[in-house]
Amino acid sequence: MVNYKDLGLVNTREMFAKAVKGGYAIPAFNFNTMEQMQAIVMAAVETKSPVIMQVSKGARNYANGTILRNLAKGAVEYAKELGCPNPQIVLHLDHGDSFELCKDCIDNGFSSVMIDGSSLPYEENIKLTKKVVEYAHQFDVTVEAELGVLAGVEDEVSAAESHYTKPEEVVDFATRTGCDSLAISIGTSHGAHKFTPEQCTKVNGVLVPPPLAFDVLHEIEKKLPGFPIVLHGSSSVPQEEVETINKYGGKLEAAIGIPEEQLREASKSAVCKINIDSDSRLAMTAAIRKYLAENPSHFDPRQYLKPARENMKKMYIHKIVNVLGSDNKL
Ligand code: G3H
Ligand code: 13P
Ligand code: ZN
């Protein structure tokens, strides 16, 4: 048994309470590699922001759970080395799909877990979530649950269509499960293809997707005042990264994300955790493709991973400062 407190990590309770009150959101960045971890820590330290480093089931399969946990431990020590004496770093399981997976993470140094029962019938989602909460809370690990289904397809997370969260269910769900935060569906979705061009309107040559369902969000806020709300699928899919990828041999067609102004608006509400993964993938891939195209004779991974790390760091800082507003909140 490895307790997260011994690794210098924190759970989400206090940071969410402050974020809801302060009208900002904590960034939840997925990581699979050392370079992503380094970029996240450098960005969080430079901006003095709390940060959630999250690991999916796919990330555990790719990189190994023990290695990722030790990268998170290293992240705390690295933040201190970079001049941040008391970093607030959460190690979170993203989209846990079983009690056993959540338990394994809780027993192995995670400070927060998500149990995603959103594809289950309502009563089964409650039963599973409650079981995870009862186990997690014994170790002061916080639990994110999900109600409503996001559209989009991304590796192990898939749902053909979106079903907005029903505001009339949230009080019953939060009370009966005892979850610490709730991921809701209001029109975001996973991956780099969140909308088809047909769903968008063309304004000055730019495709603008339909707005998020802020009415649903505000109804949920009214029903659960001050309760931490989470938005998944919140990458904005920067078009300059898509263009770089395509310019240097990639083929990403009609990649469209959530406009940043809408995420800025959501951050000011009870939304206190915003999940971003695809934008990091795009930033990394764009930098690597450009570097290798411009330097065809280079083959040392450090040569192309360095600009990739720099590009991700720039993106993380931009999100923290200009979109989520979590800078200077340590
Ligand atoms: O929401 C899903 C995350 O982007 C993780 O994706 O399962 O491919 O690691 P992954
Ligand atoms: P994106 O695919 O929009 O980055 O969403 C990531 C996410 O929700 C991780 O859980
Ligand atoms: Zn997600």
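User: Which strands and which helix each supply at least two residues of the shell around ligand 2?

Analyst: Strand E3 (89-96), strand E12 (271-276) and helix H11 (278-294) each do that. The labels follow a rule: helices (H or I, at least four residues) and strands (E, at least two) are DSSP runs, numbered from the N terminus. Before we go on, this is a predicted model, where local features need pLDDT of at least 70, side-chain atom pairs count only at pLDDT 80 or more, and totals for chains, interfaces and linings use all residues. Residues are numbered from 1 along each chain as its sequence is written, while chains are lettered from A and ligands numbered from 1 in the order in which they are written.

User: Which residues around ligand 2 come nearest?

Analyst: His-232, Ser-235, Asn-275, Asp-277 and Ser-278 come nearest, out of 15 residues around ligand 2. A residue counts as near a molecule or strand if its C-beta atom, placed from the backbone, lies within 6 Å of it.

User: How do the residues of that shell around ligand 2 divide into nonpolar, polar and charged?

Analyst: There is one nonpolar residue, with 10 polar and four charged. The sorting goes like this: Ala, Val, Leu, Ile, Met, Phe, Trp, Tyr, Cys and Pro are nonpolar, Asp, Glu, Lys and Arg are charged, and the others, Gly among them, are polar.

User: Why is Glu-144 called buried?

Analyst: The cut-offs are counts: a residue is buried if 20 or more other C-beta atoms lie within 10 Å of its own, exposed if 12 or fewer, and partly exposed in between, with C-beta atoms placed from the backbone. Glu-144 has 31 such neighbours inside 10 Å, so it goes down as buried. You'll find Glu-144 in strand E5 (residues 142-147).

User: What is Glu-144 in contact with, leaving aside its neighbours within four places in sequence?

Analyst: Ser-112, Met-114, Cys-179, Asp-180, Ser-181, Ala-183 and Val-230. Contact here asks for C-beta atoms, placed from the backbone, that lie within 7 Å. Asp-180 is 36 residues from Glu-144 along the chain, yet their C-alpha atoms are separated by 5.9 Å.

User: What makes E5 mostly covered?

Analyst: Six of its six residues are buried. Thr-142, Glu-144 and Glu-146 point one way, Val-143, Ala-145 and Leu-147 point the other way, and both sets are buried.

User: How do you know that E4 and E5 pair, and how many bridges join them?

Analyst: Two strands pair if DSSP finds at least two bridges between them. Strand E4 (residues 112-115) and E5 run parallel and are joined by four, with Met-114 opposite Glu-144. Going from E4 to E5, the chain passes through helix H6 (residues 122-137), and this β-α-β crossover is right-handed. Right-handed means that, with the strands pointing away from the viewer, the path from the first strand over the helix to the second runs clockwise. E5 also pairs in the parallel sense with strand E8 (residues 181-184), over four bridges, and Leu-147 stands opposite Ile-184 there.

User: What does E2 pair with over six bridges?

Analyst: That's E3, in the parallel sense, with Ser-56 opposite Asp-94. E2 is mostly covered too, with six of its six residues buried.

User: What covers the buried residues of H11?

Analyst: The cover includes strand E1 (26-30), helix H2 (34-47), helix H9 (239-247), E12 and helix H12 (301-324). Among the buried residues of H11 are Ser-278, Leu-282 and Arg-289. For the buried residues of H12, the cover includes E1, H2, helix H10 (260-267), E12 and H11.

Notes: Two residues are in contact if their C-beta atoms, placed from the backbone, lie within 7 Å.
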